[in-house]
Amino acid sequence: MPRRRHGFILLFGSRNIVSDDRSVQPVQAVCPNCNQQATIVGKTYRNWFTLFFLPVFPMGKATAFSQCTNCGGQFPVTVDDLRRGLARNDRATNQEAIALYNSMRTSPANAITLNQLMLMYAGMNEYDQAISAAREFPAALDASEQCMCTLGRVYLAAEKRPEAIGWFATAIARNPQFGEAHYYKAIAHLTSTPPEFAAAVSHARAARSAAYPNADALLKEAESKARGE
């Protein structure tokens, strides 16, 4: 009989290993993937030679990238590059905001420009600046229920719900079919302390009747919470 020769299988290969890059500070930004304000952290990946699926030694250099802590989205840019890009965007946005503000001084009743200015400040999380602009140009604010609704959204983002509800109500009084104002008034009531479920349901229904986007989902959520589910 032939003798059996005993041996073993050598399993080797390679795989990428991801590590935290603790040499860079995270940055707060709106994630391009989930569109939420989130913390973006630095990561690196590096290819390693593996033996029996265990990493033995690295092959090649580490490659840096960034990752959203909210949704896990990964982006082929370093956190420092992202921070520099945000700084450039902030400078450009500030210049645009200054131009709009100067335009408002020339035409203080221009509701379209005031609405753009408030939205721009809100996009930079400069809620106090947006509120200040609305106060400085009351003629433009009083001329437009859209400006009133936008101001309400600014207050809502700043977590000042009573003020937000007041401005949504003012906009609705001017235009009872204003779906956007009903939608965000429903959100304000739903997230108040304590929540006002009946009011949230009522305004969510009005937003749905006005065919405002996502109003149906908001109504279902408000009705579910009103039932204690």
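Is Tyr184 buried or partly exposed, and at what relative accessibility? In this predicted model, Tyr184 has a relative accessibility of 17% and therefore counts as buried, since the cut-off for that class is under 20%.

## Aromatic pairs

The model has six aromatic pairs. One of them joins Tyr101 and Phe137 in an edge-to-face arrangement, with 5.6 Å centre to centre and 65 degrees between the planes. Tyr101 lies in helix 1 (residues 79-106), whereas Phe137 lies in the loop between helix 3 (127-136) and helix 4 (138-142), so this pair ties together parts that are 36 residues apart in sequence. Both Tyr101 and Phe137 are buried.

A further pair brings Tyr184 back into view: the ring centres of Tyr184 and Tyr212 are 6.4 Å apart and their planes stand at 75 degrees, so this pair is edge-to-face as well. While Tyr184 is buried, Tyr212 is partly exposed, with a relative accessible area of 22%. Ring pairs also link these two tyrosines with Phe168 and Tyr183 into a cluster.

## The two largest pockets

The largest pocket has a volume of about 550 Å³, and its lining of 18 residues has Ala122, Tyr127, Arg153, Ala157 and Tyr184 nearest the centre. Two or more lining residues come from each of helix 2 (111-123), helix 5 and helix 7, and the largest share, five residues, is that of helix 5. By class, the lining of the largest pocket divides into nine nonpolar, seven polar and two charged residues.

The second largest pocket has a volume of about 290 Å³. Its lining includes Gln28, Val30, Leu86, Asp90, Gly123 and Asn125. Strand 2 (27-30) and helix 1 each supply at least two of the lining residues, and helix 1 gives the largest share, four residues. In this lining there are four nonpolar, six polar and one charged residues.

## Backbone features in the loops

Most residues other than glycine have a negative phi, and most peptide bonds are trans. Against that background, the peptide bond from Thr193 to Pro194 is cis, with omega near 0 degrees, and Pro194 is found in the loop between helix 7 and helix 8.

Asn125, which also lines the second largest pocket, has a positive phi of about 65 degrees although it is not a glycine. Asn125 is placed in the loop between helix 2 and helix 3 and is partly exposed, with a relative accessible area of 40%. Asn214 likewise has a positive phi, near 70 degrees, and lies in the loop between helix 8 and helix 9. With a relative accessible area of 56%, Asn214 is exposed.

Technical notes
Residues numbered from 1 in each chain as written. Predicted model: local features only at pLDDT ≥ 70, side-chain atom pairs only at ≥ 80, totals over all residues. Heavy atoms only, no water. Phe/Tyr/Trp six-rings, centres within 6.5 Å; stacked < 30°, edge-to-face > 60°. Buried < 20%, exposed > 50% of the residue type's maximum accessible area, 1.4 Å probe, protein only. 1 Å grid on protein atoms, 1.4 Å probe; cavity = no way out; pocket = protein on both sides within 12 Å on 5 of 7 lines; lining within 4 Å. Points joined across faces, edges and corners; volume = space filled by probe spheres on them. Nonpolar A, V, L, I, M, F, W, Y, C, P; charged D, E, K, R; others polar.
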